[in-house]
Amino acid sequence: MAQEAVNVNEEVLLGEEIEHARLITLNQPRKLNVISSRVVSLLADYLEKWENDDKAELVLIKGAGRAFSAGGDLKMFYDGRNQKDCCLEVVYRMYWLCYHIHTYKKTHVAIANGITMGGGASLMVPLKFSVVTEKTVFATPEASIGFHTDCGFSYIHSRLPGHLGEYLALTGARLTGKEVVAAGLATHFVPSEKLGELEKRLVSLKSGNESAVKSAIEEFSVEVQLDENSFLNKQSIIDECFSKETVAEIIESFEAEAKKEGNGWIGPVLKGLKRSSPTGLIITLRSIREARKQSLPECLKKEFRVTINILRTVASEDVYEGIRALTIDKDNAPKWNPSSLDKVEDEKIDLVFQPFNEDLELHIPKKEECRWDGKYENSAYSTLKVIE
């Protein structure tokens, strides 16, 4: 697994215990609180410990600085591109953790005041309560760089109204805090200047009772009213276009809508869509469509396979080219291969989704009494690593 240096004076994730409350702070503000292997490890340790601690009743998660979390550590993936499965361990641990976040037994609250993107949003959306502000910027832009909508978002997006999920995943559209609540991806909107008071109020509850937590948040939250020009007001157009069977048909339908009067908002979105990785778009659409008929464990197992196969360049090397263009060279001029949708081979996409041998799948516990089983160190991958 790719490792990163740890500065003991600036730990990447902080855990505090205050009476019956437990507070997690993502603590890499200069890196926008990206999710590294150490973040995943610490977060899993804290959540397991506190779920089994009778004194812990309420868990709060927040980010230091101007981001909640900008998502996965793309540089970590890029640096490991020439070492087979260099990042497999952190990927396995993250998907296993996603299941436990979705199904956590204690009341948990995310306070997402700032950039909340990709895998970072997986630490917000599934929580029992999620608070956003006027500073929140949400997006799932992975398809644009040759990756896919991951960390449980094939499950989450497939369950949004109509075909909004396909729209968010394929376009990487950014949502404001108010739009995040309106879309059903967060529970409350609280002005950022009230967050300090909100946190104190939640800690003072000395309880994780869901009704009490909800009431406390609502003391500070405000009603959401969408701006007139929000794309969420264009649901009928989104459903018409993004219900189409293929990415090519979606783009063709979207182009037709763009020509109609009053649809000037579509142009920039369409431009971004056409600049995205063809392979990433096709994989992402298929994943979300499959997710409509899959359970959460099935989605996470599928996403784990897809992630590993993308990193193994089974269908394309686009993910590394996308990361290079976005974060390494920062030229924003990726050269996709295949270069267009019609050149992407169905057979290679099928390989990306192909199930692994059972012992190499993501192991999600089936029995509640064993719900923290299935860790990486007990998987076949850990044994294989020792043998190698």
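Contact here means heavy atoms within 4.5 Å, and helices (H or I, at least four residues) are DSSP runs numbered from the N terminus. The model is predicted: local features need pLDDT of at least 70, side-chain atom pairs count only at pLDDT 80 or more, and totals for chains, interfaces and linings use all residues. Residues are numbered from 1 along each chain as its sequence is written, and side-chain values use heavy atoms, with hydrogens and water left out.

**View 1. Helices α9 and α10.** Ile237, Glu240, Cys241 and Phe242 of α9 meet Ile250, Ser253, Phe254 and Glu257 of α10. The residues of this contact divide into five nonpolar, one polar and two charged (Ala, Val, Leu, Ile, Met, Phe, Trp, Tyr, Cys and Pro count as nonpolar, Asp, Glu, Lys and Arg as charged, and the others, Gly among them, as polar). The axes of α9 (residues 235–242) and α10 (residues 247–258) come within 8 Å and cross at roughly 140 degrees; axes are lines fitted to C-alpha atoms over the stretch in contact, and angles run from 0 to 180 degrees between N-to-C directions.

**View 2. Helix α14 and its cover.** Eight of the 11 residues of α14 are buried, meaning under 20% relative accessible area (1.4 Å probe, protein chains only). The buried residues are Asp318, Val319, Tyr320, Glu321, Gly322, Ile323, Arg324 and Ala325. Their cover includes α2 (74–79), α12 and α13. Lys330, which follows α14, has a positive phi near 55 degrees.

**View 3. Lining of the largest cavity.** Among the lining residues are Gly146, Thr279, Asn309, Asp318 and Val352. The lining as a whole divides into five nonpolar, four polar and one charged. A cavity is a set of points on a 1 Å grid over the protein atoms alone where a 1.4 Å probe fits but cannot get out, and lining residues have an atom within 4 Å of a point.

Definitions and conventions:
1 Å grid on protein atoms, 1.4 Å probe; cavity = no way out; pocket = protein on both sides within 12 Å on 5 of 7 lines; lining within 4 Å. Helix = DSSP H or I, 4+ residues; strand = E, 2+ residues; numbered from the N terminus. Buried < 20%, exposed > 50% of the residue type's maximum accessible area, 1.4 Å probe, protein only.
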